[in-house]
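Dear colleague,

Please find the structure below, together with its sequence.

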Amino acid sequence: MGTGLVLFTRDLRIGDQPALAAAARECDAILPAFVLDRELLRRAGSPPNRLAFLLESLRDLRSSLRARGVPLVLREGDAVEETMRLVHEVGLSAVYMSADHTPYAREREQLLRRHCERERVRLCSFEGVTVIPPGSLTPSGGDHYRVFTPYWRAWSTEPPRAAARVPSRLVAVRRPPPAGPLPGLSRLTSRTPPAARQRGGESRARAQLERWLRRGPARYGEGRDELGAEHTSRLSPYLHFGCLSPVQVLERLADVDGEAGQAGSVAFARQLCWRDFHHQVLAARPDMPHADYRPRGRLWREDDDAADAWREGMTGYPIVDAGMRQLASEGFMHNRARLIVASFLTKTLGLDWRLGAARFASLLVDADVANNVGNWQWVAGTGNDTRPNRVLNPLRQARRHDPDGAYVRRYVSELAGVDGPAVHEPWSLPPARRRGLRYPEPIVGPYS
């Protein structure tokens, strides 16, 4: 049966881990490993929120594997080179890993496969990032779905794979190499952001899922857009790093009772479907991170001052600024706020969606390539939205989704003393009161 290397990438869990389960089943002994990929760090700009979350997730994974008798070996460098170095050091006969569908991940797997074939090492790749793998659902006459609703109809009737069981027994290779610590990650402890940021790891992911299932689905259907409330699941970072699999979440949603809970479960399943939808679009169009999916001849303005004001949460529109400041402080932003700030950048300011996608990628803990660029292009009118000219009026959005201003007061400290809905229109306050707030005037408009 031989010995196998389980290469963890964006699947930092032992539950529903098809690669780990297959290796435990097929190999006499295994060596789990993770490589901190320097190229990915360079491309991402080493965002501290995401790296700290990754560090916590790896610590949790290492603990879970150690409890089952196997070490997690950590390396830093080129992912393919370090993987093959471990193969040679230990004399491994197979590599097991999860498939991913970003352009970089696909290129990495193809290169690793060529190296493995040259060395006569088996490379076994397993789906686990999405519920339904890209390419499994295709419309007649096309290679992928370009509109969400027909994809949702097909996705809803497609049975997902069964979640892989946690292996009951793991056997370590006889002489594993030193496990770590990994220097590049240990340096991050001093850069850990404020306590508001979510903490990483499979154990925390499972706890968050169970917390949300106890109270969340019944409120989620109608309440997920309430900015001042906490009806969202906060599962997106765990899904991004694979601390939870979407199949695990979908299975647990099936257990929710009550009419409201079941309605909320369907609404949340629809969000998992959106996630799969963007992955299948990116798999078919790997140029999406930098090219318009549907070029419509839009000419973007260049305005560095406006772009900086948007990035720093100083546009003079409280609902926009609250979203951008939440992003900076927590590495997270409420989904409705993401739509508002994206529409403001692209439709109100007329600035390129790539500026916004880059800002999100630099700060979000859950910055998934497919979802990030897919959603930005959707809002900008260059992507999969069937209504490319829609504009979200920030003031109307604020009145509807933050009617009392709780969300704005939480993140825009200058306006914390402004009561009620007046917080959304500080330009309407008496001049003396406005000057005392030390809050900027609207950079455009104002809307009404």
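G69 lies in the loop between α3 (48-67) and β3 (73-77); helices (H or I, at least four residues) and strands (E, at least two) are DSSP runs, numbered from the N terminus. At 48% relative accessibility, G69 counts as partly exposed, where buried means under 20% relative accessible area, exposed over 50%, and partly exposed in between (1.4 Å probe, protein chains only). Although G69 and L170 are 101 residues apart in sequence, their C-alpha atoms are 6.5 Å apart in space.

Please note that this is a predicted model, in which local features need pLDDT of at least 70 and side-chain atom pairs count only at pLDDT 80 or more, while totals for chains, interfaces and linings use all residues. Residues are numbered from 1 along each chain as its sequence is written, and side-chain values use heavy atoms, with hydrogens and water left out.

The largest nonpolar core has 109 residues; a nonpolar core is a set of buried Ala, Val, Leu, Ile, Met, Phe, Trp, Tyr and Cys residues joined through side-chain atoms within 4.5 Å. The residues with the most contacts inside this core are L65, W155, V249, W310 and F360. Helix α12 (residues 259-284) supplies the largest share of the core, 9 residues. Apart from this core lies another, of 20 residues, among them L7, V80, M84 and C116.

Leaving aside neighbours within four places in sequence, W155 is in contact (heavy atoms within 4.5 Å) with V131, I132, L137, L250, A269, L272, C273 and D276.

As to the cysteines, the structure holds 0 disulfides, a disulfide being a pair of cysteine sulfur atoms within 2.5 Å. For C116, the nearest cysteine sulfur is that of C124, 9.2 Å away. C116 is buried, with a relative accessible area of 1%. For C124, the nearest cysteine sulfur is that of C27, 7.7 Å away; C124 also counts as buried, at 16% relative accessibility.

Finally, helix α15 (residues 335-348) and helix α18 (residues 394-401) pack with their axes 10 Å apart and at an angle of about 170 degrees. The axes are lines fitted to C-alpha atoms, for helices over the stretch in contact, and angles run from 0 to 180 degrees between N-to-C directions. The two helices are therefore roughly antiparallel to each other, a term for angles over 145 degrees. R336, I340 and F344 of α15 make the contact with P394, Q397 and H401 of α18.

Yours sincerely

Notes: Angles under 35 degrees count as roughly parallel, over 145 as roughly antiparallel, 65 to 115 as roughly perpendicular and the rest as oblique.
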